[in-house]
Amino acid sequence: MNSERRQKQKKWALTPKFRVRSSSSFDTLSAANNSFNLRMNAQFGIKNTNFGPYKYDNTTVTFFYKGTPVGSTTVRKSKANFRRTKKGSCLLTSQSRLTGKIEIMFIFKKKRATNMNCTMDVNIAQQVLQNIKCK
């Protein structure tokens, strides 16, 4: 009975999706021997399918190479309107947790947290991100 009640509650407040979308360009790229220094612009998306806005807090997105942190950026506090995808560009200098609150029909409020876990290939020759896959 309790699990049925929880299932019904989840239907009216869906967890938004938080993903790496693309990279428009590399600002800095220098490669030498077996290492490289990379600075690029990447776009993130917060997809809110609820019938109310998702207000989220500041969060840090961390990028890893074979499990080792290699860079991070901050996503600033903002809001994804209802039934919309909020797109934003962040400078990369992917794994993160975004917390916030959904307002359904401006009556009900429900806290939700969403995780981002993405893998991507950095094509140094073409200076683009490729094969972006998010869970």
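Below is a short chat about the strands, turns and aromatic pairs of a predicted model.

Reader: Before we start, what kind of model is this, and how are residues numbered?
Author: It's a predicted model, where local features need pLDDT of at least 70, side-chain atom pairs count only at pLDDT 80 or more, and totals for chains, interfaces and linings use all residues. Residues are numbered from 1 along each chain as its sequence is written, and side-chain values use heavy atoms, with hydrogens and water left out.

Reader: Which residue in β5 is the bridge partner of F64?
Author: That's P69.

Reader: And what's in the turn?
Author: Two residues sit between β4 and β5 in this hairpin. K66 is in the turn, and its phi is positive, about 50°.

Reader: Is M105 buried or exposed?
Author: M105 counts as exposed, at 53% relative accessibility. The cut-offs are under 20% relative accessible area for buried and over 50% for exposed, with partly exposed in between (1.4 Å probe, protein chains only).

Reader: What about F106?
Author: F106 also has a positive phi, near 55°, and is not a glycine. F106 is found in the loop between β8 and β9, and is exposed with a relative accessible area of 59%.

Reader: New topic. How many aromatic pairs are there?
Author: Three. Rings of Phe, Tyr and Trp (its six-membered ring) pair if their centres lie within 6.5 Å; planes under 30 degrees apart count as stacked, over 60 as edge-to-face and the rest as tilted. One of the pairs is F18 with F44, which is tilted, at 6.3 Å centre to centre and 40° between the planes.

Reader: Which strands hold F18 and F44?
Author: F18 lies in β1 (residues 17–32) and F44 in β2 (residues 35–48), so the pair ties together parts that are 26 residues apart in sequence. F18 is buried at 0% relative accessible area, and F44 counts as buried at 2%.

Reader: Got another pair, and is that one buried or exposed?
Author: Y54 and Y56 form a tilted pair, 6.0 Å centre to centre with 35° between the planes. Both tyrosines, Y54 and Y56, are buried.

Notes
Two strands pair if DSSP finds at least two bridges between them. Helices (H or I, at least four residues) and strands (E, at least two) are DSSP runs, numbered from the N terminus.
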